[in-house]
Amino acid sequence: MKRNNNVLHFVKYKWPSLDSNVWKRFCTICHQNGIVPEIIEIQDESDFCGMLSDPFVINWNFSHPFFGQIDHLLPMHRSILLTEGVEPSSRRMSTVSPDLAQIAREVISYLSEAGREKIALFAFDFYLKKHKVFSKEAEQIGCIIREEDVFLNDVNQISDCFARLLSRIDKYNAVICANDMAALYLITELAKFGIRVPEDVFVVAQGNSLVTQSTVPSITSIDLLSEQQVEQCIALWKHLKRNPDIIRAQITIGHRLVVGESTAGFEQKDKWRDKPLYTYNEIEERGYGELVKLKNFLKNTDEVDRKILHAIAENKKYEDIGAENFMTAGAIKYRMRKMLQSFGANDRQELLSVLQKYNIKL
């Protein structure tokens, strides 16, 4: 079977990590360059077979041991890994990623300058080894993160990970979370025990998704500049296509620290950095299911939807809400039905209770 040289295959594992807006940007840039993007979504690592573009693109959510098998499985293919700092073991795998060591230095220096040097790492994945980079960089700037300060979310529920952290929470005044969902979960659970963010504990996340800016308090987070990563990925793909003898390349993209209320809006005096900075069921098993639905819901709603939800929370009727927004009651009902479908809620009270649980601003 002849391979279409203009097709770019994006091999996506079952974890729904690819932001819909990022994928739209990916497709737009591909079409601008005469490239046909195709997603290949696999349910199991054993499904990784078939005709693929050379190179093909792969997201980082495959298990770490699987990276080492790619040369064996696909000896004639080159690949590009979109990653948040995972080091590939395949000699034919290129990478497009932020500088994880620089991210770690910036976050830890930021907390140190704010007087928050008793730091815990929360919900990091054991296999990705990112927590080791943070520990190493902390040591370089004189801020020690020991093994007992790292709370991994490897095979257990995130609630188990939180329980371990809670038992030692009095030893910390700052927590760096593996991602935005973990940060939101942490802040929500800490509040149940009277632990205030940011007064008692600063919280920093990674991802800067809509979730971080929609909750109260807003969450300080590292923006990993996903759209820039996509642009560089396609540029690298074209470069490798033109140069079949190049086996492996590496592109490092920037990032930026977006300051929110979870660190009391603390701004650094010295901008020291050199440059700008498993299946869905597996997510639910780790305790992220509700948070994933919330994240996707926020992506698919707009300002009008928020106004409608706010009005419904105040027990206003559809007719009155429609009049306030220059819409018919039928249009309000339609929007409400779409929101319930987007979140997967049975009724509006279920949806509102989740939004209230996580202090989402309406």
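**A parallel sheet and its surroundings**

In this predicted model, an open sheet of 6 strands is arranged in the order β2-β1-β3-β4-β5-β11, with parallel pairing, where two strands pair if DSSP finds at least two bridges between them. The edge strands, each of which pairs on one side only, are β2 (36-41) and β11 (250-253). Direction ignored, neighbouring strands of this sheet are turned by 20 degrees against each other on average. Strands of a sheet pair through backbone hydrogen bonds, either parallel or antiparallel. Strand β5 (residues 93-98) runs parallel to β11 and is joined to β11 by 4 bridges, and serine 97 has threonine 252 in β11 as its bridge partner.

Helix α9 (residues 226-242) lies across β1 (7-12), β3 (56-59), β4 (79-82), β5 and β11, and runs at about 155 degrees to β5; axes are lines fitted to C-alpha atoms, for helices over the stretch in contact (heavy atoms within 4.5 Å), and angles run from 0 to 180 degrees between N-to-C directions.

In the protein there are 15 helices and 12 strands, which are DSSP runs (helices H or I, at least four residues; strands E, at least two) numbered from the N terminus. Of the 362 residues, 51% are buried, meaning under 20% relative accessible area (1.4 Å probe, protein chains only). Glutamate 137, placed in helix α5 (residues 130-140), is buried because its relative accessible area is 9%, and glutamate 137 touches Ala101, Ala104, Arg105 and Ile108, not counting residues up to four places away in sequence.

Residues are numbered from 1 along each chain as its sequence is written, and side-chain values use heavy atoms, with hydrogens and water left out. Because the model is predicted, local features need pLDDT of at least 70 and side-chain atom pairs count only at pLDDT 80 or more, whereas totals for chains, interfaces and linings use all residues.

Note on methods: Buried < 20%, exposed > 50% of the residue type's maximum accessible area, 1.4 Å probe, protein only.
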